[in-house]
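This report describes chain folds, an interface and two annotated spans. The sequence and structure come first.

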Amino acid sequence: MAQLPPQTIQRDPQLFYWILFPITVVMILTGILRHYATVLMASPPKKVEQPALKEQRSLMHGVAVRSNFHVLTAPSFKARREFLTTAFESGAYLKDPERRGQPPANPMTDPGAMDGMMGMMKNNMAMMVPNTLIMSWINTFFSGFVILKLPFPITIKFKSMLQAGVATKEMDPRWMSSISWYFLCYFGLQFVFNFLLGSDNDGAADAGNGPQAPNMFGPGVDADKQFQAEAENLAVIKHYSVLDDVEQRLLEGIKTR
Amino acid sequence: MTWFSKSTTTFGFLLLAHACPSSSCYSAYEHSALQSHRAASLSSLSATTQQAAASSSLPLDISLETIVATVIITLGLVLNTAKLRPIQWRVWAGQIERAGEEGARNSSGEIDKDFVGNPFKLLESRPGFVDIRKQRKEFAEWVKQQ
Amino acid sequence: MTSSLLRPPGHLSPATALQLSQQAPIIIKNSPGAVTASALSSLFSAPETPELWTIYENLLLSCLRTGDEESAHLCLGRLVNRFGDDNERVMALIGLMKEADATDDATLEVVLKEYEALLQENPTNIPIVKRRVALLRSIGRISDAVTALIGLLDFSPTDSEAWSELSDIYFSQGLYSQAIFALEEVLVLQPNAWNIYARIGELLLMSVKSGSGDQNDSAKQLGEALKRFCRSIELCDDYLRGYYGLKLTTTQLLNDPPKPSKQAESDGLAPPNLSTLQKLDGLATEKLGEITRRFTAGEKGWQGFDEAEIAAAKELLEKSSSTTVR
């Protein structure tokens with residue numbers, strides 16, 4: 001294949017000072033601003049009422065008994081199993097026992113759920129508003145500028161990403177337009193923010209976009225059903241204990257060691 | 001052991017430092033060659049492809065030196081690492097009980113920052129339920145005894 | 001030295017506590033007083049670490065213990081500055097300070113009233129619940145303390161510290177089976193806590209020695225104690241406390257074998273046969289000997305043991321060897 005002569009484009013060095021540099025600085029400053037805005041807007045963790053706390057922790061306790069049953073001797077495990085299954089099945093730990101068996105409340109009417117949604121909304125707004133503003137700022141002032149050349153060759157597929165806003169078919173994909181630089185900053189500044197703000201910051205774009213941890217006790221989850229399932233789990237355990245033959249294990253272990 | 005690994009690392013870095021400037025000089029040379037070749041490409045295309053192929057590989061001694069330096073540095077760094085911590089529960093726990101704080105010293109002789117001793121000691125000392133008045137009485141008695 | 005400041009000072013010797021609290025003025029002077037919340041300065045200053053606040057908290061406890069009120073107040077002031085006095089943990093520390101300052105029972109009653117008022121406001125303020133239990137226990141109202149603690153465990157059954165405290169209160173009242181039950185709950189939550197296994201073994205052994213339980217039960221209890229000690233050693237190599245308990249149990253079982261009971265058999269807690277017992281006894285003797293020897297020889301890496309425990313182990317070994325000679 002005949003080698004194409006590398007393209008050269010004469011760029012004004014002023015492009016660096018007036019486009020590349022300002023975009024970068026603005027992006028970093030926005031990230032810092034967003035971090036502090038999130039810190040300021042964060043609502044304090046909501047107080048959990050005693051019955052709700054009891055419901056959660058009792059369920060966790062049931063799970064702990066189920067997963068660590070082997071530390072108990074057979075009689076004490078039996079006693080706990082009987083007690084817990086009865087209590088779970090009768091709904092003794094429920095937040096509001098009279099609502100048993102009814103479908104879960106609509107999360108829209110639950111004030112607790114609304115709070116969580118407001119928090120999410122706030123976060124999304126803090127994300128969206130500055131991004132829209134910067135995008136339009138770049139589009140108005142800097143659209144169509146080719147500002148830098150990547151120091152390594154890349155395939156033609158990247159052309160649409162790197163040369164957004166510059167509609168030139170024949171240009172080498174190594175050339176980058178200003179809007180592409182904006183996107184690169186948007187996704188690539190995470191480590192700069194880690195350095196500036198500490199590791200758990202809200203500055204970068206995709207910090208909070210990970211998969212949301214499934215909320216075990218969130219609104220819309222029927223606690224009674226969870227308790228019933230837990231009671232069933234406890235009931236089917238075939239008990240053994242770490243204390244069975246522990247002295248034999250110990251003697252053998254010491255010998256082989 | 002430490003002086004050996006440290007001198008190994010130093011030697012490796014020296015070697016790399018020796019290899020690197022020459023290679024950077026070389027890449028500067030390559031760049032200028034490419035510039036001239038671009039100018040020449042206008043005149044004849046076939047001649048320049050040969051020239052480009054000839055100038056696109058590093059001399060063997062420089063690449064060899066760089067590789068050897070990297071291997072030596074890696075070796076030195078690996079030798080310099082702190083002693084590995086136990087990963088078996090009973091060995092780890094035994095070390096805590098047996099050696100106390102001494103077991104958690106790192107290579108520079110300081111006690112590790114994250115060393116907490118027996119994490120289950122809390123279940124017996126129970127800071128949330130501390131009876132401060134009893135502790136003060138006991139302490140006062142201890143002072144009297146001294 | 002700061003490493004021991006990162007751990008709660010409850011179990012430290014008086015000498016270490018004194019040493020820590022004597023350092024307090026220096027540490028307070030060298031650490032940043034109030035970490036500013038302003039964005040600009042936090043960009044340039046060192047980031048605040050959670051360790052700093054742990055150090056303040058533990059320093060506060062040490063200073064209160066040694067009676068250095070001034071430094072304690074400084075520490076508390078910094079914590080209040082940072083977290084505000086409506087933080088639950090800080091509230092508990094403020095209460096602790098008042099308890100320490102109190103000179104007579106009337107003041108303590110006032111503090112107790114304050115705790116109760118706080119709990120009226122927010123019944124899930126766990127640090128304050130714990131302080132209230134500790135105060136009730138401290139002024140001798142044990143049954144009230146137990147009631148309050150059970151109330152806490154009713155809505156928060158996953159609090160292993162509280163279960164452990166409950167066990168300790170029951171133990172101080174001589175209620176061994178309740179104490180063991182509470183410790184079993186701790187184990188459910190912390191299945192690898194080797195010291196809790198040893199603690200259960202000790203409680204079982206004491207309950208047999210005190211003769212409080214059913215005499216027919218002693219086979220089962222001794223069998224379980226033996227197994228608990230074995231498990232604690234299995235979880236932790238060279239665990240002095242575990243071997244000490246194991247030695248005590250095997251001596252008891254060999255010298256004074258309890259009559260075998262059906263109950264113990266069916267629960268799988270019967271003591272092992274004679275040859276296993278002898279092997280375990282030999283193992284415990286050997287290990288205790290090794291540990292005491294290495295500790296006294298000042299061998300490196302064997303200096304973490306408690307001196308009192310080593311002395312007790314030596315005594316036990318001497319006693320057992322003299323009986324065998326006889």
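What percentage of the 257 residues of chain A count as buried? The share is 23%, where buried means 20 or more other C-beta atoms within 10 Å of a residue's own, exposed means 12 or fewer, partly exposed lies in between, and C-beta atoms are placed from the backbone.

This is a predicted model, in which local features need pLDDT of at least 70, side-chain atom pairs count only at pLDDT 80 or more, and totals for chains, interfaces and linings use all residues. Residues are numbered from 1 along each chain as its sequence is written, while chains are lettered from A and ligands numbered from 1 in the order in which they are written.

**Chain A.** Nine helices and two strands make up the elements of chain A; helices (H or I, at least four residues) and strands (E, at least two) are DSSP runs, numbered from the N terminus. Along the sequence their pattern is α-α-α-α-β-α-β-α-α-α-α. Of the contacts in chain A with a separation of 6 or more, 73% join residues 24 or more positions apart; a contact requires C-beta atoms, placed from the backbone, within 7 Å.

The mean pLDDT (the predictor's confidence in each residue, from 0 to 100) of chain A is 78, and 80% of the residues score at least 70. Where pLDDT is low, predicted coordinates should not be read in detail.

**Interface of chains A and C.** Contacts link 31 residues of chain A with 31 residues of chain C. On the chain A side, the elements giving two or more residues are helix H2 (50-67), helix H3 (74-90) and helix H9 (246-256). H2(A) supplies the largest share, nine residues. By class, this side has 17 nonpolar (Ala, Val, Leu, Ile, Met, Phe, Trp, Tyr, Cys and Pro), eight polar (the others, Gly among them) and six charged (Asp, Glu, Lys and Arg) residues.

**Chain C.** Leu59(C) belongs to helix H4 (residues 50-66) of chain C. Leu59(C) counts as buried because 26 C-beta neighbours lie inside 10 Å. Ser71(C) is twelve residues from Leu59(C) in sequence, with a C-alpha to C-alpha distance of 8.5 Å.

Conventions
Two residues are in contact if their C-beta atoms, placed from the backbone, lie within 7 Å.
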